[in-house]
Amino acid sequence: MRKILFLLAGASCIGSQPAYAAEVLKFGPAANWVVPHPVPLASTVAKDAPLAILLSDQQVRFDPGKVSEYIEIALKLQSAEGLNASNIAFPWQPSTDTVTVHKVQLIRGGRTIDVLGSGQTFTIARRETNLDAATLDGTLTAMLQPEGVQIGDILSVAYTTERVDPVMKGHVEADFAMWNSLPIERARSRLSWPTTINLTTRQSVGLPQTKAVAATGNMRLLEVAGPAVEPLVLPKSAPPRFSIGRRGEATDFRSWADVAGLISPLFKSAAVIPATGPLRNEVESIRKLGLPPIAMAERALQLVQGKVRYVALLMGTGGYVPASAETTWSRRYGDCKAKTALLVAILQDLGIAAEPVLVNSSYGDALPERLPMVGLFDHVIARASIGGQTYWLDGTRNGDTSLAQLTGANFRWGLPLVNGPALVPIAPQQLSLPSNESTLVIDASAGLLAPAPTTAELVYRGESAKGLKVLLANLPAAQKKEMLRTSWKEDFDFLDPGETSVAFDEARAELRLSTSGTSKIEFDDGQFELPGTSIGYEAEFERAPGPFRDAPISVGHPWWSRSVFTIKLPRSLVAAAPKGVTPPVEETLAGVQYKRTQSFDGNTMTVQTTKRSVASEIPYKDARAAETRLKALYDQALYLQRPRTSTLTEDDWSTIEKSKPITSDQYHLRAGTLADAGKIDEAFADLKEAIRLDPRNINALATRSLLYSEIGRSADAEKDIAAIEAIGAPRAGMLAFKASQASNAGKFNDVVAYTTELLKTAPNHPVALTRRANAYYAMQKYDKALADTALALENYGDASDLHLLRANILMQKGDLTAAAREAEALAKIEDDGVGLIAAGKVYAKIKNKPKSMEMFDRALRLKPSAMVYLNRAQARSIDDVAAKKADIAKAAELEPDNAALMESAASTLQRLGDNAGALALVDRAIAAGADNPHIRIERAVALYKVGRVAEANEIFAAQKRMSQTVSQLNSLCWTKAAAGILLESAVEDCKAGLKLMPDRKALHDSLGLALFRLGRFDQAIDSYDEALARSKGATSLMGRALARKAKGDEAGAREDLAAARKLDVDIEDDFAGYGLKL
């Protein structure tokens, strides 16, 4: 605090500016109506502050047409910083006020030092304090820096301001007891007035009770006093009226009509168009156009806004009295009063009903709770009535070209200057178009990892558009270019923008910024948040205790934003990972309506998000009730998952190969892609570098641990886990990682243990519940699995994967009726048909073919797609060969370049024995960019089956050289065993995998099938026994049934078959696809 301003001058365009006063300070004793108050010598409420206000004494004397205000302030300067407050400044209006200084004293050690008596005096300067706001107020400032001030001194200053305003015609008004900003040891406000003045007073919440209201002779007295006054705790996020704080009001106006009656004649005499002259010519030029009233009003508003500049005139009588319309036009400048008088004059002359309306630009919502006072208004606008519609016109604004686009400023209340008025509400209208819009289109069809062509557009409307237009117009070209580039990067950090096109539509008050460039999508922790899809926020409405704790919550109304994000995805990704669409969001929370929709059109996904205010304020309890949901929505942004290796395009691989990682995270990201592609040595090299660059990179250590497990180096995997724990990874994250690793290893008891511990930290977390449910499912603890899925659904809402899991569990329990209910739930999920597809697969599993086909038919009516046709082909019975092939042909026709779809279709044709057709589809998939280990193995099988054995062997040999992980070796073994080819090498593949991970159940199943096809039935049974010892499964039981029957154990075969059918009703069809029947 550098100085104390003992008299503050406002910068509004309406202010109290009477016509007589003095340009010099007066000095002398206080008037005899002033009752002295002793100055406390210490503070109990501000002991440790730089300064303490020991006394704030305000005494106001009302006389007819005159208000005298005595102020005494005593400050204790308690630190070096507090010494700055000893610099005194008195601003005042020489045309309105007379200021008499009574004392400037320092109290030090019980001794009083008279600063003025020592010869020091004030320096007076004329300072226009608000020139930056185009305000001429004629302010004088008296300044004094007391000499020799020391820490511990008490500075006591007292003065009286006398104010007389002939415009007020004898009326008086004043504020008092505004004790809000700092603690005050002793505070007092004392009012006195003669009984001839009919004065009304009102006090706000938080002020001490009136000490006395008494009559002494012909005088009345009122006193409010408080010891140890602390600042009020004002409610956060409340409407403006709740930020006023403590305040007393005194006025002799009996009603708002009295206030309007005082000011109205001033505007009436000013709002006149002369019979001749330049202004008359302007008005007649509008009239001659023959426009409808609304268009004439628009011309008038444009004339006042565009050809008369704004300058606030607060000198002399300029505080309340508007300049005449003719004077304002000739000057070509004016304040709000002058511009409104000019606008009203033009409108009325053109036959349009209009009148001035007084408003408060900051606390308009408080007016109905206040006493009628002229000083409450700091602005004036015009109200026009045209065709039964009310328009609020502000001549001090710029660029209002259309009345239809005016929303009405949020003044909340106004006082029309007409006969017999009352306050009228001024509510803003709802916007007809969003205040701002963003549109982003990314063409990532060539690959999600490759640079993607992008177009972006930002649209601003209304005041923000006008302000940004002016800002850009005033910038040099280079600075403007850099500012726009920076702005694009702030909104879309993945975008490398090109040149920006800037277009401003004057008629619509609309600014468009557009650019084209490229996007480099960065996957943070494997996912990319889709821009603009996050709704809600971290809402915290709770307030500290205080007098207005339950005040409403203010909403910035009206506002409306809309974002549209479109991305064209690689077709291989859409087919391989059909996630469907998330349910639409449409909720109104805390005064804002939130909407979000997601849709697919082929491989193009579009997400539209809107946020729109619906009210200016809402009850506090409603806001608190909305907090949880707002936070939940904030966490439900939409994400794009990093593509699996099998879906990477040629451009993606080119990008990966050309990339030059620099950071630890970049090396880790590339390692994951290389590992998925089977390039294990390269992946380990990148992980080693990632960990060298950042030994605390938990993600890199976790990935390497998983990779070590896959190649059988369990000791090294445990070392990395120990390193993660030593770093201090969050317990929840560590438990989730261990659960994932245990699941990969088939150690389902461990999965249950880890997820159970995790759920103690995050109760009912859907992901943990789903993982534990899958573990219980694998352990055949079906009731526990169902209980976990039910909890997950309760806490997450309808999710197709959970209903599908429940259906599978129920089918294994043999409860087909309950499984059908899950299929019904799947069919109701609004996810672009994915739920219907899943329902169709479930109905097929429970042998309800009509219902299954109905689901697929509904999905096709909703959206005909290759995905629906392919899934229907797979759901048809094994004997329905012609229909299966027809569906596959239709899928290929719809999306011939969809690599992942062609790969899946080829696998289906292979099981139908159509190896030539399968090979053709595989080749088409590879040509479309689906070159990955799995599809290469599929191609090798197809080649072998059509007699191109040498080519097949070459591919198998290459894949064997690349296969280092358990999963890779098992894939080789199972594919050969299922196809019935190269069985000895299949056995070698499985045994190599079992050396790495002896407990991997899938390897025992694959080995059992290879041994069975070789006729080694006893060894096959042993392998299936090993698999079943780890967990029961339909594949293991069906394989053992075949081996037992081959050995002549009919009873054992029937027993295994029955158990397999119970677990999977389609198990016989599955094995028939491998050419094996019991």
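Modeller: In this predicted model, helix H31 meets helix H32: Leu983, Ala986, Val987, Cys990, Gly993 and Leu994 are the H31 side of the contact, and Leu1003, His1004, Ser1006, Leu1007, Ala1010, Leu1011 and Arg1013 are the H32 side.

Biologist: What classes do the residues of the contact of H31 with H32 divide into?

Modeller: There are nine nonpolar, three polar and one charged. Gly counts as polar under the rule used, and Arg counts as charged.

Biologist: Why are H31 and H32 called roughly antiparallel to each other?

Modeller: The axes of H31 (residues 983-996) and H32 (residues 1001-1013) cross at roughly 155°. An angle over 145 degrees counts as roughly antiparallel, and the two helices are therefore given that name. Their axes come within 9 Å.

Biologist: Is the crossing of H31 and H32 left-handed or right-handed?

Modeller: The crossing of these two helices is left-handed.

Biologist: What makes cysteine 973 and cysteine 990 a disulfide?

Modeller: The S to S distance for cysteine 973 and cysteine 990 is 1.9 Å. The rule asks for sulfur atoms within 2.5 Å, so the pair is counted as a disulfide. By this rule the count comes to one disulfide.

Biologist: Which parts does this pair tie together?

Modeller: Cysteine 973 belongs to helix H30 (residues 966-979) and cysteine 990 to helix H31, so the link ties together parts that are 17 residues apart in sequence. The link of cysteine 973 and cysteine 990 is left-handed, with -95° about the S-S bond.

Biologist: Which residues of H7 meet which residues of H8?

Modeller: Leu468, Leu471 and Leu472 in H7 meet Lys480, Met483 and Leu484 in H8. By class, this contact has five nonpolar, no polar and one charged residues. Lys counts as charged.

Biologist: Where does UniProt list "repeat: TPR"?

Modeller: The unreviewed UniProt entry lists it for residues 664-697, 833-866 and 1001-1034.

Biologist: How much helix and strand is there over residues 664-697, and how much in residues 833-866?

Modeller: Residues 664-697 are 79% helix and 0% strand, with end C-alpha atoms 7 Å apart. Residues 833-866 are 79% helix and 0% strand, and the end C-alpha atoms of that span lie 12 Å apart.

Methods
Residues numbered from 1 in each chain as written. Predicted model: local features only at pLDDT ≥ 70, side-chain atom pairs only at ≥ 80, totals over all residues. Heavy atoms only, no water. UniProt positions renumbered as here; feature names shortened; annotations may be inferred. Helix = DSSP H or I, 4+ residues; strand = E, 2+ residues; numbered from the N terminus. Axes fitted to C-alpha atoms, helices over the stretch in contact; angles between N-to-C directions. Parallel < 35°, antiparallel > 145°, perpendicular 65-115°, else oblique. Left-handed = near helix turned anticlockwise from the far one by under 90°. Contact = heavy atoms within 4.5 Å.
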